[in-house]
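Student: Could we go through this structure together, element by element? I would like to begin with a helix and then move on to other topics.

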Amino acid sequence: MTTKSASAEPSQRMSREERKVLAGTLVGTTIEWYDFFIYAQAAGLVLATLYFAPVGEGTALAQIVAWASIGISFLFRPLGAVVAGHLGDKLGRKQMLVFTLIMMGAATALIGVLPTYGQIGVAAPILLLVLRVLQGFSAGGEWGGAALLSVEHAPINKRGFFGAYPQIGVPVGMILATFVMFVLSSVMSDEAFLEWGWRIPFLFSVVLIFVGYFIRRSVDESPVFKEMQQRKKESSAPLGQLFKYNSREVILAALIFIANNAAGYLVIAFFASYAGKTLGMERPAVLLATTVGSFGWLIFTMYGGMLSDKIGRVRTFQIGYAWVFLWAIPMFLLIDTANVFLFGLSIFILTIGLGLSYGPQSALYAEMFPARVRYSGVSIGYAIGAILGGAFAPMIAQLLLDETGWSGSIGIYIMVLCVISFAAVTMVKETKGADLGVEDSHRAPQAR
């Protein structure tokens, strides 16, 4: 018995189950990342004032600490990846996806009702960080399960396309989070937004969680995992096997992701704060421009997945990182004009490279690891890459700006990361068309 993705013969028409899988992974990741990104938006707009101001009255230190609070959650993503990956390889992709969705939603909703420093003192930032840690733990297990559920259901010639669906959950989640913040900023005063309006996006997560839960519960388990269940001996100790035989792939997966994640978190969190607080641009206009510009991330992520089915995962990544590298400094020249149209255009152009270096990621990672350690491998590699890339990217950007006074220094930082990620993906032997079945689960991908 062998499983080459969902079927040995690629089908031209998508089945009902395949449509359910794509809907389940897209909706679930959109909700998870909406929750994750709404915190990042709030960190740039209100959390420094409400929770961290006492650490730096009259200085930029409170904002730096607020950016650091984004990164703290990333430190717990590998733990979430280890736990969810191990259990996902043992119990199934579907069960872990439902669990991480509920955990993320609960943590987000509780942030929405959390008292501020002015109300309960130092307990407020401590509790905020605890809830942020829970978000990080949940996010660490989310992406790997969604990526594998989509790719392992895919026809062999459409893995990039299927794998792009959980990927576009990131820009869709960001667009949703930014748009909600834009609406609230537009319809209420700054005082009302700071006092209570910022809580609404966090509480809105409760509604989204119910929607995502019922959609995900209706999706069948991955065909590859079903085959693994029939061969219990093939999955006796997946986590130990991962580090024994596939540590190289974990390291490469992490390095491949760092530049995309760092640049992505500038779009998600840093740019809006920089435009408002440093350039003096109006918050609603900046949030709207960010929302519109981010549609490029959605479009080019989907295109990147589809393109990788034609020219290969590695080549698509290389094109994407070359684009981000070349645009890193010109982008800030446009942003620094403080023109809202050019601000949105600079983000849109950046998302071309972001999409091409993100759309193929699910398929590439799934094809890099054998079935019995695949959930663990992709989740841990992704989580470590997120720590090295996006975890502290907004904080590093703020520190570079404060130290040099030149926004181009942030561009150079992104360029250095692009070189690292480009080199890492170049070391991976092209994976397109690799067997995803259980019978080759002892196979270790070659790297060049």
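Student: How many residues does helix α2 have, and how far does it reach from its first C-alpha to its last?
Tutor: In this predicted model, helix α2 covers residues 61-75, which is 15 residues. Its span from first to last C-alpha is 21 Å, close to the 21 Å expected at 1.5 Å a residue.

Student: Is α2 mostly covered or mostly open?
Tutor: Mostly covered, since eleven of the 15 residues in α2 are buried. Among them are I64, W67, I70 and F74, along with G71 and S73.

Student: Changing topic: how many salt bridges does a search of the whole structure find?
Tutor: The search finds five salt bridges. In one of them, the side chains of R374 and E152 meet at 3.0 Å, N to O. R374 belongs to helix α17 (residues 374-388), while E152 sits in the loop between α6 (123-151) and α7 (159-187), so this pair ties together parts that are 222 residues apart in sequence.

Student: Are R374 and E152 buried or exposed?
Tutor: R374 and E152 are both buried.

Student: And which residue does E367 form a salt bridge with?
Tutor: E367 forms a salt bridge with R159, with 3.0 Å between the closest N and O atoms. Distant parts of the chain are linked here, as E367 is in helix α16 (residues 361-368) and R159 in helix α7, 208 residues apart. Both E367 and R159 are buried.

Student: What about R283; where is its partner?
Tutor: R283 meets D190 in a salt bridge of 4.0 Å, N to O. This pair also links distant parts of the chain, with R283 in helix α13 (residues 283-311) and D190 in helix α8 (residues 190-197), 93 residues apart. R283 counts as partly exposed because its relative accessibility is 24%, and buried would require a value under 20%.

Student: What does L47 touch, leaving aside residues up to four places away in sequence?
Tutor: L47 touches Y39, A42, F52, L128 and W198.

Student: Now the outside: which residues form the nonpolar patch on the surface?
Tutor: The patch consists of F295, I299, V340, F341, L345 and F348, which together have about 530 Å² of accessible area. Helices α13 and α15 (340-356) each supply at least two of its residues, and α15 gives the most, with four.

Student: Why does L345 count as partly exposed?
Tutor: L345 lies in helix α15. Its relative accessible area is 32%, so L345 is classed as partly exposed, a category that runs between 20% and 50%.

Technical notes. Residues numbered from 1 in each chain as written. Predicted model: local features only at pLDDT ≥ 70, side-chain atom pairs only at ≥ 80, totals over all residues. Heavy atoms only, no water. Expected span 1.5 Å × (residues − 1). Buried < 20%, exposed > 50% of the residue type's maximum accessible area, 1.4 Å probe, protein only. Contact = heavy atoms within 4.5 Å. Patch = residues over 30% accessible without salt bridge, like charges linked within 9 Å, V, L, I, M, F, W, Y side chains within 5 Å. Areas by Shrake-Rupley, 256 points an atom, 1.4 Å probe, with all protein chains shown as cover.
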